[in-house]
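This report describes selected features of one protein model. Please look over the sequence and the structure before reading on.

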Amino acid sequence: MPHPLGTQPSKIIAVHLNYPCRAKERGRVPDRPSYFLKPPSSLSGTGDALVRPAGCELMSFEGEIALVIGRRAHRVTPERGWSHVAWVTAANDAGVYDLRYADHGSNLRSKGADGFTPLGPRLLDATRLDPAALRLRTWVNDELVQDADTGTLLFPFGTLIADLSRLVTLEPGDVILTGTPAGASVVVPGDVVEVEVRGRDGEPSGGRLRNTVTDAAHDLAEWGAMPRVDAALRADARGPGHVAGPALDRDIADALRSLATATLSSQLRKRGLQHMTIDGVRPTRPGDRLVGSAHTLRYLPLREDLFRKYGNGMNAQKRAVEELRPGQVLVMDARRDPTAGTIGDILALRAMKRGAAGIVTDGGLRDSAAVAALDLPTYYAAEHPAVLGRRHIPWDTGTPVACGGALVQPGDILVGDADGVVVVPPDLAAELIADSTEQELQERFIAEQVAAGEPVEGLYPLGPARHAAYRQWRDTRH
């Protein structure tokens, strides 16, 4: 289907980083905007295929808001920048990471291929929109993967137009792709990517821009740069929120599930890690076992003037739940303040439906009886009926947090039982499992001896005189 512009623009300009959440994913916050160009031949419309070049593995999507210039802009001010925009529509700044190395930042081959800039399906009249109140959403195979608004952009739209127009005259019909929020990742042939832009609630939508990923029917000629990937590039392309399959290796998870948190805590202390327990939390169901990798959510203290901006709509709390992948644990930093709920039954149910391994919050739990009835290990500080707006603003996701006095990084492993929750650094998991398994075997032997009437001197902890008896006992268990 043709793109909705009607004519070819003289240029398509794309912004590298503009959403704070995306900047956080990339590990840098720019102090000024930077750009790259996409050729007009990359334009396509809704329904057109996104064709992955032969030999490429890492086809990416990036849902974006596209601005279409209506009046020539030359040396305009930020205050006047928006007045030069005629239309707003959805865009997908697609590309292949496999060729990114070839052009050293210009992105020509990685993002400039034919069809790599679908727009549409409808143009929204910019004069009827508030540029600071647009909402952008992206779905992959009907799963919401990006959801952001323009209220906190690093560089508002008027600033982008003013900055560009200092040196580059923007002509009617030119397109500016204004950056993508967190959640952009990799798609494969057969995946369907949809992007939507709309104004405030109740205002018209530009419709869903819908494109299906396909493989190219022809080989890529070998007289230029060829696709090239490695593990680091795969991780970069997929992004921090992407988990291929379960978030934690199944064998590691099963082994940790068989170990007591008391044992793991002891082994962590032997390695000099003294602050790996999440203190002050208890389980909704003491018989449950929790094992999974951390996906984090941070609350900040309530400020009424900021809650309207950060606490309403698709706020960080709801985004954190929608970002969960199978095997992840939602870990919430509520500053150890239990006097307002940080999650209730509806969002806990949604977390369970998304395959979450559990929830840990050092704040309050609403609807505690209903949450306890879910098949979802949940640890919390106290029951409380109040909503989060009594004490907290949901602020951001995917960052290191302090939960119950422990520092938790995204990707850390959480293990919980009736005694509480411990944080396991992923790079220590294998050796902790081996040493904890040995410790628990020794403690089983010791317990049997004590039950038989033996005194604890020289037995607990296991002394040298008991080693031979222990080894003989252990050998009978294998």
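What covers the buried residues of H12? The cover includes helix H6 (250-257), helix H7 (261-270), strand S28 (413-417), strand S29 (420-424) and helix H13 (467-475). Contact means heavy atoms within 4.5 Å.

## Basis of the report

This is a predicted model, in which local features need pLDDT of at least 70 and side-chain atom pairs count only at pLDDT 80 or more, while totals for chains, interfaces and linings use all residues. Residues are numbered from 1 along each chain as its sequence is written, and side-chain values use heavy atoms, with hydrogens and water left out.

Helices (H or I, at least four residues) and strands (E, at least two) are DSSP runs, numbered from the N terminus.

## Helix H12

Helix H12 has 23 residues (429-451), which at 1.5 Å a residue should span 33 Å; its end C-alpha atoms are 32 Å apart, which agrees. The expected span is 1.5 Å times one less than the number of residues. Gly453 follows H12 and has a positive phi, near 105 degrees.

Residues of H12 that are buried include Ala429, Leu432, Ile433, Ser436 and Phe445. Buried means under 20% relative accessible area, exposed over 50%, and partly exposed in between (1.4 Å probe, protein chains only). An α-helix has 3.6 residues a turn, so residues three or four places apart point the same way.

## Aromatic rings

The whole structure holds 5 aromatic pairs. Rings of Phe, Tyr and Trp (its six-membered ring) pair if their centres lie within 6.5 Å; planes under 30 degrees apart count as stacked, over 60 as edge-to-face and the rest as tilted. The ring centres of Trp82 and Phe157 are 6.0 Å apart and the planes are at 20 degrees, so this pair is stacked. Trp82 is in the loop between helix H2 (78-81) and strand S7 (85-92) and Phe157 is in helix H4 (residues 157-165), so the pair ties together parts 75 residues apart in sequence. Both Trp82 and Phe157 are buried.

Phe445, Tyr470 and Trp473 are linked into a cluster by ring pairs.

## Sheet and charges over rings

An open sheet of 5 strands runs in the order S4-S15-S14-S10-S11, with mixed pairing. Its edge strands, S4 (50-52) and S11 (143-149), each pair on one side only. Two strands pair if DSSP finds at least two bridges between them. Strands S14 (residues 192-198) and S15 (residues 205-215) pair in the antiparallel sense over 6 bridges.

Arg208 in S15 is the bridge partner of Glu196. Arg208 also lies over the face of Trp139, 3.5 Å from the ring centre. A charge sits over a ring if NZ of Lys or CZ of Arg is within 6 Å of the ring centre and within 35 degrees of the ring normal.
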